[in-house]
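Keep the sequence and the 3D view side by side.

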Amino acid sequence: MASLPPFQNLLDRHALDVHRFLRGLVGRDAAEDCLQDALLSALRAYPNLRHADNLRSWLFTIAHRKGIDHLRKSARETLTAMVPETAVNDAAPADPVLWRRVGELPDKQRAAVMLRFVGDLPYAAIADVIGCSEPAARQSVRVGLATLRKDLT
């Protein structure tokens with residue numbers, strides 16, 4: 001067993017970023033429920049963790065899986081309904097065209113772009129979250145950004 005910080009300290013440090021990521025992934029309406037599901041799952045698993053190397057990435061992995069579960073369950077017709085109408089960080093006005101296009105990216109590209117620029121995760125952590133290699137995570141972000149640049153210019 002690893003020497004883990006108190007679970008509340010982990011939440012205090014990362015819950016807001018995980019919530020922002022989920023808002024980008026599943027939309028404002030579903031983000032709160034997905035966050036609660038993710039945090040409950042994390043709380044249940046926390047005492048049995050074998051290492052505490054990257055707890056932030058671990059939380060994002062759980063949140064990503066809960067978000068994907070929600071998307072599959074809801075079976076929405078379009079991805080645009082999943083994109084927040086306001087900026088994820090609420091500090092600056094949103095670009096609704098950009099967010100709509102982010103929402104239209106394929107699942108892996110959308111998740112990789114959101115994890116990189118909303119979650120501020122390094123590529124190795126993104127790879128862990130979406131279940132691919134680090135070069136594949138870089139490629140997903142690169143292709144997602146290229147698509148956005150092409151569509152928005």
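In which helix is the place of V97? V97 sits in helix α4, residues 96–104. Helices here are DSSP runs of H or I, at least four residues long, numbered from the N terminus. This is a predicted model: local features need pLDDT of at least 70, side-chain atom pairs count only at pLDDT 80 or more, and totals for chains, interfaces and linings use all residues. Residues are numbered from 1 along each chain as its sequence is written, and side-chain values use heavy atoms, leaving out hydrogens and water.

V97 is partly exposed, at 37% relative accessible area. Buried means under 20%, exposed over 50%, partly exposed in between (1.4 Å probe, protein chains only).

Now turn to the core. The largest nonpolar core holds 44 residues, of which F21, L22, W58, L115 and I126 touch the most other members. Such a core is a set of buried Ala, Val, Leu, Ile, Met, Phe, Trp, Tyr and Cys residues joined through side-chain atoms within 4.5 Å. Helices α1 (7–26), α2 (28–45), α3, α4, α5 (107–117), α6 (123–130) and α7 (134–152) each supply at least two of its residues.

Take L22. Beyond four places in sequence, L22 is in contact (heavy atoms within 4.5 Å) with G27, A31, C34, L35, A63 and G67.

Next, find H64 in helix α3, residues 55–74. H64 is buried, with a relative accessible area of 9%. Outside four places in sequence, H64 contacts F21, L25, A111, V129 and I130.

Finish at A124 in helix α6. A124 is partly exposed, at 37% relative accessibility. From A124 to S57 is 67 residues in sequence but 9.1 Å in space, C-alpha to C-alpha.
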